[in-house]
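Trainee: Could you walk me through reading a few features of a model, one at a time?
Mentor: Gladly, let us look at it together.

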Amino acid sequence: IKKTVPPSVVALKKDLYLSSFPRRIVAFDISNLGPSDAVGSLVFFEDARPKKSEYRKFKIKTVEGQDDFAMMEEVVRRYFFRLLEEKRKLPDLVLIDGGKGQLSSALKVLNEMGIKEINVIGLAKRLDEVFLPGKESSLMIPRSSSSLRLLQRIRDEAHRFAITYHRDLREKKVTKSELDEIEG
């Protein structure tokens, strides 16, 4: 039984000039407040609905200081390395929270890994501009479009997931004390 494609996914295919329906969408976000506890998040939507069993959290391991681009490279590399290692199906669309810089970071990693057949876009917060690879100017999808609302929902969910994880890590640090190390 072939499931019908949700209207917002149909609109997304048209608005982003894609050759097929982006039914499986992953979105990456980075959260860092200050120099420590930087994290990345990945959310997964299938047919315009969140699939929480596929969500992933990443502690940033290889980047010192506040380098969002390098952090984005790290989480994209780790996620896709795992997908390839486990021979799992690649997503139809990758949504990067951010503008040209973050998009370039993700594309650099995917190209290094030989993953070229995947659609990747950046969504900048300020004006909800969509950045496509190789295009100088951003794509402005009408505010009334269901495809833009879907992209915003996915981006906001990735952001919420990253911030929640970041907050959890900070709270764990705050509630730890030297007394915890004493036995008994």
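Mentor: Let us start with a pair of side chains: Arg23 makes a polar contact with Asp47, side chain to side chain, at 2.7 Å. A polar contact here is a pair of N or O atoms within 3.5 Å; within protein, one must be able to donate a hydrogen and the other to accept it, and residues adjacent in sequence count only if both atoms are side-chain atoms. Keep in mind that this is a predicted model, where local features need pLDDT of at least 70, side-chain atom pairs count only at pLDDT 80 or more, and totals for chains, interfaces and linings use all residues. Residues are numbered from 1 along each chain as its sequence is written, and side-chain values use heavy atoms, with hydrogens and water left out.

Trainee: Is Arg23 buried or exposed?
Mentor: Buried means under 20% relative accessible area, exposed over 50%, and partly exposed in between (1.4 Å probe, protein chains only). Arg23 has 18%, so it counts as buried. Arg23 sits in the loop between helix H1 (7-15) and strand E1 (24-31).

Trainee: Where do helix and strand names come from?
Mentor: They are DSSP runs numbered from the N terminus, with at least four residues for helices (H or I) and at least two for strands (E). This chain has 4 helices and 7 strands, in the order α-β-β-β-β-α-β-α-β-β-α from the N terminus.

Trainee: What about Gly65, and where is it found?
Mentor: Gly65 is in the loop between strand E4 (56-59) and helix H2 (68-85). At 31% relative accessibility, Gly65 is partly exposed. Gly65 is 33 residues from Asn32 in sequence, with 9.6 Å between their C-alpha atoms.

Trainee: How many residues of the whole chain count as buried?
Mentor: Of its 184 residues, 47% do. As for overall extent, the C-alpha trace spans about 60 × 40 × 35 Å along its principal axes.
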